[in-house]
Amino acid sequence: MSHLYETLAAELAQQIDQETLRSGDRLPGVRTFSRQRNISVATAVATYRRLEADGYIEARARSGFFVRARERLRSREPGITRPRGRPRPVSGQELVLELVKAANDPGVVQLGAAVPDPAFLPTHAVERAICQAARQHRLHTSAYEFPPGLPELRRQLARRMAESGCQVHADDIVVTNGCQEALTLALRAVTTPGDVVAIESPTFYGLLQVIDSLGLEALEIPTHPRDGMAIDALQLALAQWPVKACIVTPNYSNPLGGCMPDDGKRRLVELLARHGVPLIEDDVYGDLGFAQRRPSTCKAFDADDNVFYCASFSKTLSPGVRIGWVVNARQRAKIEYLKYVTNLATPTVTQIAVARLLESGTYERHVRKVRGEYMRAVERMIAAVDRLFPAGTRVTRPLGGFVLWIELAREVDSFELARRLLPLGISVAPGPIFSASQRYRHFIRLSCARKWDDQVERALATIARLVAEATAPGITAAR
Ligand SMILES: Cc1ncc(COP(=O)(O)O)c(C=O)c1O
């Protein structure tokens, strides 16, 4: 899908972002670089030109290529969030359905919903696996596969989790219709209406909708765009409020893209276990890190079986197969029962197909490939935002997943921006839908899981123009 020079450029860009390569550092000459990487001189030159065009490095006459000064390099990142610290019912989710429908409209340049473009999904492999499952297991697929779900799929899931350092028993896994159902079942297992749930701020709007539909109250906890939920702030909140569950997306959260370090995960698990508060872990993006090593999970540090691990294949294989899972040994029977009374079962044919894709290694090969593609897509979108958006715009630097959280000038009303963009055939996700209390009015989330083309570039230029208009002195967006 992309050229070698783009892969190399994205790799070097990441080293610059992480300050492995620092401002002012001299890059090896193109001939040295071509020798080091075993590539042609032309590819080495193309790599450096790409980094130069994206604003990472600069050529100095007769001296070579240098990493640009940090302040000139790129926009800054948004800082840690500071939501007001009291529990409240969720409000303001009405626009979301509009957004979700826009995601399915082929006429809309879809930068809003975090749904991967088919170019990032192994659509043919999924299609083949489903057809094969339907053909080869005709009797089986025409029957219910009651909770906890297909044994072979659960075995494959347990094996994969073990590979990422998390030992769970296949019998403790309950197969669900996507991660959304996994989160819902976990929450229903540990809360009753009126209970308080601690969440990251901002957080995935689907989670806010679940909290709303179960009659729970959300307590928004300050969250760092790189390191995730602020554990000290959570500790204070636990002392002050009767929190009944805590939900985090420790790996490449949506929308911030942060990845909690191992030490943070361990502290979080221990803190919540001490307070007897269940931790619901959403790891839907865990396989999509840009580094070689997959990040650990909170469940891997869970000696007390206090963590409910939830994930799915919606971001990696297909959102349409609706296969997810939840694991917690202690509450397994309750989760199974709740799953059964909600929708009896998850479709059998897709369970067989996903089990086959895991067992054959197709899934692993795909995620290994697509991680690099997402990394390049994210890098390219950051570079475009830096180039096109008004000065002062702040952008996150995720190390996995495929969404960007963008802080615009305070005057910009992102709801108004999203409403003006839809008739122009462009969708973005406005900041307030990621908050229980409609904070983040001057933020937007962009999805980078789009095949890059002129249409996307033009859409970004249009967004940037409307943002600039809303920011210009004397012109503020209507409220
Ligand atoms: C953080 C997070 N959790 C859960 C989900 C829902 O996943 P699924 O489609 O598997 O239900 C999403 C989808 O956008 C998400 O971003």
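Colleague: Where does Tyr252 lie?

Modeller: Tyr252 lies in the loop between S8 and H12, where helices (H or I, at least four residues) and strands (E, at least two) are DSSP runs numbered from the N terminus. This is a predicted model, in which local features need pLDDT of at least 70 and side-chain atom pairs count only at pLDDT 80 or more, while totals for chains, interfaces and linings use all residues. Residues are numbered from 1 along each chain as its sequence is written.

Colleague: And what is phi of Tyr252?

Modeller: Phi of Tyr252 is near 55°, which is a positive value in a residue other than glycine. The loop between S8 and H12 is also the place of Pro255, and a cis peptide bond with omega of about 15° joins Asn254 and Pro255.

Colleague: Which residues does the other cis peptide bond join, at Pro148?

Modeller: That one joins Pro147 and Pro148, with omega again about 15°, and Pro148 has its place in the loop between helix H7 (138-141) and H8.

Colleague: Changing topic, what is the strand order in the sheet of eight strands?

Modeller: The order in this open sheet is S4-S11-S10-S9-S8-S5-S6-S7, with mixed pairing; two strands pair if DSSP finds at least two bridges between them. Strand S4 (173-176) and strand S7 (228-229) each have a single partner strand and stand at the edges, so one side of each is left without a neighbour in the sheet.

Colleague: What packs on the sheet at S4?

Modeller: Helix H8 (residues 151-163) does, touching S4 and strand S11 (324-327), and its direction makes about 115° with that of S4. Contact here has C-beta atoms, placed from the backbone, within 7 Å, and angles run from 0 to 180 degrees between N-to-C directions, with axes as lines fitted to C-alpha atoms, for helices over the stretch in contact. Helix H12 (residues 262-275) lies across S7, strand S8 (243-248), strand S9 (279-282) and strand S10 (307-312), and runs at about 150° to S9.

Colleague: How many bridges join S5 to S6?

Modeller: Strand S5 (residues 196-201) and strand S6 (residues 217-224) run parallel and are joined by six bridges, and Val196 has Glu217 in S6 as its bridge partner.

Colleague: On to the ligand: which residues come nearest?

Modeller: Gly178, Cys179, Gln180, Ser312 and Ser314 come nearest, out of 14 residues around the ligand, where near has the C-beta atom, placed from the backbone, within 6 Å. Helix H9 (residues 178-190) gives the largest share of that shell, three residues. The shell divides into five nonpolar, eight polar and one charged, where Ala, Val, Leu, Ile, Met, Phe, Trp, Tyr, Cys and Pro count as nonpolar, Asp, Glu, Lys and Arg as charged, and the others, Gly among them, as polar.

Colleague: At what angle do H16 and H17 cross?

Modeller: The axes of helix H16 (residues 414-421) and helix H17 (residues 454-471) cross at roughly 135° and come within 11 Å. That makes H16 oblique to H17, since angles under 35 degrees count as roughly parallel, over 145 as roughly antiparallel, 65 to 115 as roughly perpendicular and the rest as oblique.

Colleague: Which residues meet there?

Modeller: From H16, Leu417, Arg420 and Leu421 meet Ile463, Leu466, Val467 and Ala470 in H17. By class, this contact of H16 with H17 has six nonpolar, no polar and one charged residues.

Definitions and conventions. Two residues are in contact if their C-beta atoms, placed from the backbone, lie within 7 Å.
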